[in-house]
Amino acid sequence: MQIIQLLLFLILFPLISAIVLLFAGKSFDTSWIVKISALGIGAVSLYLLAVGFDKGLITYAVSSGPVDLVMIIIELVIAVYLLYLGIRHKKYSAVILVLVQAALILWFEMTYGRHIELSYNLFFDQLSIIMALIVGIIGSLICVYSLGYMETYHQHHPEIKDRRRMFFFLLFAFLSAMFGLVFSNNLVWILFFWEITTFCSFVLIGYSQTEEATNNAFLALSMNLLGGVAFAAALIYIAAMDPSGRLLELNTLIHSGYVFAIIPAVLISFAGLTKAAQLPFSSWLLGAMVAPTPVSALLHSSTMVKAGVYIILRFAPVLTGTTEGLMIALVGGITFLLASCMAISQSNAKRVLAYSTIGNLGLIVACAGVGTYNLMWVAILLMIFHAVAKSLLFLCVGTVENRIGSRDIEDMGGLIERMPKLAVMMFIGMAGMFLAPFGMIISKWAAIEAFITAPFGLVFIVILAFGGSASLFFWCKWMGKIISVMRHQENLETGIRPEKWAVLYILTGLVVIVALIFPLISSALIEPFVMQIYGETTRLAQANITIMLLMLGLLIIMPFSMLFTGKAPRMAPPYMGGMTTEGGMKYTGSMGISHDLVLSNYYLKNYFGEEKLFMTGTLVCWGLILIALIMIVGVIL
């Protein structure tokens with residue numbers, strides 16, 4: 001099968017599955033459609049890797065005329081629907097942004113679009129493969145996991161209308177849009193798929209149709225539409241500069257030089273900042289946590305937000321060495337630092353994961369904004385490792401919440417006894433985020449080395465050091481809570497659906513496997529891509545690989561060494577200030593009064609609270625974005 005056929009399959013097959021799921025009768029068992037579709041998408045994604053990893057950049061001629069017409073009709077239908085909902089719910093900021101974006105797209109089509117016929121509308125390279133694997137494997141697994149989760153979700157929330165057919169339709173439509181986005185060479189097509197992901201996110205955040213969910217859905221819609229307006233403005237600028245439309249091909253635009261490319265690069269990177277929930281736009285991602293957990297795992301951690309950093313990575317060669325690129329990089333760096341600090345003050349597990357997501361995406365943006373070849377290598381590694389580990393953690397938290405009825409970290413004490421297998425999976429997922437030899441710490445280590453020679457490198461190294469320390473703090477205290485031992489705990493793992501376990505086992509295995517084979521991932525996919533763009537690349541030294549393998553060996557050996565101590569562990573009552581307890585978690589204080597023992601983490605809200613840090617970050621990042629926009633106005637003038 002030719003690569004172009006694989007690309008078309010990955011774009012169209014999830015859409016066909018979505019339509020079948022939407023219109024399947026109530027008596028029809030849709031679970032098999034989900035499973036077979038997920039298997040097909042995952043298998044073809046892996047096959048694409050097998051046949052295309054060594055091909056380099058390939059562009060494909062696909063007729064755009066009929067496709068453009070269909071896209072315009074769909075965009076207008078979605079715009080009318082969003083206008084209706086915005087007016088109905090009195091969300092007038094969203095209404096205005098929908099009107100502005102629709103007007104810009106219509107202006108583009110009426111003025112330039114009908115005279116432009118692009119030939120090479122699809123393309124394919126190693127970065128496309130990496131994104132396709134993230135979408136195709138992780139996305140498919142999350143869809144399968146959703147089968148069991150949504151059944152339990154509606155059992156626990158009978159007051160919420162069961163709209164599972166619409167839910168799965170949107171999940172698979174979203175996968176189709178993501179494949180379209182990463183394989184499109186036509187910027188007009190990229191914008192179309194970009195907005196489809198925004199629409200899917202909007203509807204899924206508001207799934208429960210509560211007032212909170214509706215408000216948060218419109219917040220996400222408004223902030224992403226702001227980026228969409230900037231994207232549409234970039235298309236108009238490109239078409240005005242080049243009426244032939246050749247620069248609307250992403251690959252051509254990137255190689256057109258600073259004068260032509262910097263303005264659309266900054267405008268589209270601004271759209272990337274909104275999609276990736278960077279400060280000052282991070283609040284939409286936090287609000288999105290009201291959605292069912294698979295939505296958080298798929299759209300708001302593993303894939304949709306990755307579209308934001310993906311598009312900035314595409315423009316990294318244009319941003320390299322520019323003031324505009326430095327401003328975007330500083331926005332990412334400050335977001336990484338402040339989001340990591342704000343995560344310390346959170347006890348809601350999904351908000352901790354959300355802040356961690358925002359922060360790590362910020363680090364990727366910082367690398368892409370500076371844009372040197374070694375930082376491009378780091379950014380892609382970060383994207384891979386973050387997608388795998390964070391999807392696992394979101395799904396684990398969703399499973400825990402279904403079983404214990406809470407997503408509060410303080411309620412997860414003794415999880416190692418109550419849900420031992422799940423606790424181990426969470427532990428591995430967290431280790432994947434910050435412990436050697438897992439990928440995130442390797443990438444951050446490489447980032448420090450790469451920033452040394454970059455412009456303003458010392459600033460980024462300081463940001464990385466303090467942000468990394470904050471990450472260490474909030475992950476460690478959560479891990480400590482999970483593995484704390486408490487008495488008389490009931491096992492709660494019975495009754496979890498088999499497909500949930502299957503997905504969690506696979507994702508746990510992926511976290512470990514990716515850590516094991518990352519040198520192969522680097523040599524087969526990342527290094528050729530970086531070499532193709534920059535003419536030079538980063539290569540892992542043999543000594544570094546040896547050290548990492550030794551660390552991985554120690555991680556594996558240490559737990560098993562507990563089996564050979566020769567002694568059974570001795571359970572002793574906790575000692576609390578002079579009066580040993582007998583049995584339960586109580587102690588006797590003054591006047592002989594019995595008190596419950598309460599063990600709680602530090603959250604340091606006076607130092608790391610959202611109220612203090614969010615406003616500071618918002619003001620600073622808006623200032624940096626305005627400087628970048630002023631710079632491109634200077635280019636125009």
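**Entry 1: the core**

I began with the largest nonpolar core, which has 242 residues, and found that Phe183, Trp284, Met426, Phe451 and Trp478 touch the most other members. Helix 17 (residues 373-404) gives the most to this core, with 21 residues. I noted what a nonpolar core is: a set of buried Ala, Val, Leu, Ile, Met, Phe, Trp, Tyr and Cys residues joined through side-chain atoms within 4.5 Å. Buried means under 20% relative accessible area, exposed over 50%, and partly exposed in between, with a 1.4 Å probe and protein chains only. Helices are DSSP runs of H or I with at least four residues, strands are runs of E with at least two, and both are numbered from the N terminus.

A note on my source: this is a predicted model, where local features need pLDDT of at least 70 and side-chain atom pairs count only at pLDDT 80 or more, while totals for chains, interfaces and linings use all residues. Residues are numbered from 1 along each chain as its sequence is written, and side-chain values use heavy atoms, with hydrogens and water left out.

Which residues does phenylalanine 451 touch, not counting residues up to four places away in sequence? I listed Ala366, Cys367, Val370, Leu375, Gly457, Phe460 and Ile461, where contact means heavy atoms within 4.5 Å. Cys367 is itself buried, with a relative accessible area of 0%. I also looked up Cys143, and this cysteine is buried with a relative accessible area of 0%. I then searched for disulfides (pairs of cysteine sulfur atoms within 2.5 Å), and the structure holds zero.

**Entry 2: the pockets**

Rolling a probe the size of a water molecule over the atoms shows where empty space is left. I wrote the rules down: on a 1 Å grid over the protein atoms alone, a cavity is a set of points where a 1.4 Å probe fits but cannot get out, a pocket is an open set with protein on both sides within 12 Å along at least five of seven lines, and lining residues have an atom within 4 Å of a point. Grid points are joined across faces, edges and corners, and a volume is the space filled by probe spheres set on the points.

The largest pocket has a volume of about 1,100 Å³. Its lining has 37 residues, and Ile74, Ile78, Phe169, Ile196 and Phe199 lie nearest its centre. Helix 3 gives the most to this lining, with nine residues.

The second largest pocket holds about 730 Å³ of space. Of its 32 lining residues, Leu46, Leu133, Ile137, Leu510 and Val514 are the closest to its centre. Here helix 22 gives the most, with twelve residues.

**Entry 3: the cavities**

How many cavities of 30 Å³ or more does the structure hold? I counted seven. The largest cavity contains about 210 Å³ of space, and Glu75, Ile78, Ala79, Gln101 and Glu195 are the closest to its centre among 16 lining residues.

For the second largest cavity I noted about 100 Å³. It is lined by 13 residues, with Ile72, Glu75, Ile105, Glu109 and Val188 closest to its centre. Helix 3, helix 4, helix 7 and helix 8 each supply at least two residues of this lining.
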